[in-house]
Amino acid sequence: MRTITDIPEGHADELHGEALALSYGRTRVVHEMSLHLRPGVVTALIGPNGSGKSTALRALARLHKVDSGTVRIDGAGGARDAAALTAKEFARTVAMLSQSRPHPSGLEVHDVVAYGRHPHRGRFAGMTDADRQAIAHALELTGLDAMAHRAVDELSGGELQRVWLATALAQGTGILLLDEPTNHLDLRYQIETLDLICDLADRGTAVGVVLHDLGHAASIADEVVLMNRGRVHAAGTPAAVLTSENLTDVYGLPIEASIDGRTGRVHVAPRGRHHDRAGRALAALSA
């Protein structure tokens with residue numbers, strides 16, 4: 001992956017979810033949740049499994065039915081109800097990298113990434129120079145340019161994850177939603193993906209990202225939404241949300257949070273029963 005140098009600027013669009021109530025069948029899983037994604041801001045949704053964070057993100061992407069509340073896009077064209085937009089209109093503004101994706105077969109990496117350009121093309125239109133450029137940029141940014149003509153059937157889980165991320169980037173939207181984008185990635189590509197998310201925000205993209213790793217959230221988020229049992233437990237800056245009290249309450253185990261006085265970054269340390277094992281071993285060796 002490489003730092004963004006020539007990706008088009010975001011469209012300065014904002015995505016609002018207002019008083020969202022979401023269910024699976026008769027079970028309510030998200031209660032009256034409001035979320036605001038702004039240009040240039042990385043908003044991280046965190047919380048235990050089953051807290052509703054991925055469901056909320058899917059509702060913002062129109063992939064989960066909204067029982068009540070609204071999803072709205074604000075931009076140069078004014079306020080628009082997301083539900084009133086056509087699929088192509090919405091996809092030109094919002095891109096989503098979800099956890100549940102089809103496993104393509106018989107296609108090359110380039111072909112899959114090219115799907116990201118469908119919202120910008122007419123029904124029978126061929127590729128334009130803008131399409132080809134967007135695809136090439138997305139492949140380069142995700143470190144896949146050398147693999148463009150490999151069959152996706154040959155890829156590892158982490159490589160395929162990067163293919164789908166490239167597809168979302170090729171879509172060229174001002175709003176990007178990411179559900180566990182570092183899942184299945186090795187350490188190098190985890191860090192490079194997090195860096196890329198920050199690069200996108202620096203270019204004006206509004207980013208909403210679901211993360212399980214609290215350290216990742218602390219390192220890249222401008223705003224954090226901590227969810228628990230379908231409700232927002234706390235929302236604000238990482239320093240305001242990632243506190244020992246909030247995290248211990250929500251996750252149900254002791255978690256120590258501290259702020260580095262030099263960098264201002266929050267450090268999070270869960271405390272399991274054996275958290276000091278290395279220290280005990282070192283003490284025994286020194287005895």
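This is a guided tour of one chain, stop by stop, for use with the structure open in a viewer. The model is predicted.

**Whole chain**

Start with everything shown as a cartoon. The chain has ten helices and twelve strands. Its C-alpha trace spans about 75 × 45 × 40 Å along the principal axes. How does the radius of gyration of the chain agree with that of a compact globule? For 287 residues, a compact globule would have a radius near 19 Å; the chain has 20 Å, which agrees.

The accessible surface of the chain is about 14,100 Å². Carbon and sulfur atoms account for 50% of that surface. Of the 287 residues, 46% count as buried.

Next, show contacts between residues at least 6 apart in sequence. Of these, 67% join residues at least 24 apart.

Colour by charge. There are 29 positive and 34 negative side chains. The centres of these two sets lie 5 Å apart.

**Stop 1: Ala19**

Select residues 14-24, which form strand E1. Ala19 sits in this strand. Look at its backbone: phi is positive, about 50°, although Ala19 is not a glycine. Most residues other than glycine have a negative phi. Is Ala19 buried, partly exposed or exposed? Its relative accessibility is 29%, so Ala19 counts as partly exposed.

**Stop 2: Arg62**

Move on to the loop between helix H1 (53-60) and strand E4 (68-75), where Arg62 lies. Arg62 also has a positive phi without being a glycine, at about 65°. With 31% relative accessibility, Arg62 counts as partly exposed.

**Stop 3: Arg150**

Select helix H4 (129-141) and helix H5 (157-170). Arg150 is in the loop between these two helices. Its relative accessibility of 29% makes Arg150 count as partly exposed. Which residues does Arg150 contact, leaving aside its neighbours within four places in sequence? Show Leu107, Glu108, Val109, Leu155 and Glu159.

Then draw a distance from Arg150 to Asp111, C-alpha to C-alpha. The two are 39 residues apart in sequence and 10.0 Å apart in space.

**Stop 4: helix H9**

Select residues 244-251, which form helix H9. Show the side chains of Asn246, Leu247 and Val250, which are buried. Look down the axis of H9: the buried residues fall within an arc of 90°, so they line one face of the helix. An α-helix has 3.6 residues a turn, so residues three or four places apart point the same way.

What covers the buried residues of H9? Bring up helix H7 (214-220) and helix H8 (238-241), which are part of the cover.

Step past the end of the helix. Gly252 follows H9, and its phi is positive, near 75°.

**Stop 5: Arg265**

Finish at Arg265, in the loop between strand E11 (255-259) and strand E12 (266-270). Arg265 has 42% relative accessibility and so counts as partly exposed.

Set aside its neighbours within four places in sequence, and show the contacts of Arg265. They are Ala218, Ser219, Ser258, Ile259 and Asp260.

Notes. Residues are numbered from 1 along each chain as its sequence is written. This is a predicted model: local features need pLDDT of at least 70, side-chain atom pairs count only at pLDDT 80 or more; totals for chains, interfaces and linings use all residues. Side-chain values use heavy atoms; hydrogens and water are left out. Helices (H or I, at least four residues) and strands (E, at least two) are DSSP runs, numbered from the N terminus. The radius of gyration is taken over C-alpha atoms; the globule rule is 2.2 Å times the number of residues to the power 0.38. Buried means under 20% relative accessible area, exposed over 50%, partly exposed in between (1.4 Å probe, protein chains only). Contact means heavy atoms within 4.5 Å. Accessible areas come from the Shrake-Rupley method with a 1.4 Å probe; for residues, only the protein chains shown count as cover. Lys and Arg count as positive and Asp and Glu as negative; His and the chain ends are not counted. The place of a charge is taken as NZ of Lys, CZ of Arg, CG of Asp or CD of Glu. The arc is that of the directions from the helix axis to the C-beta atoms.
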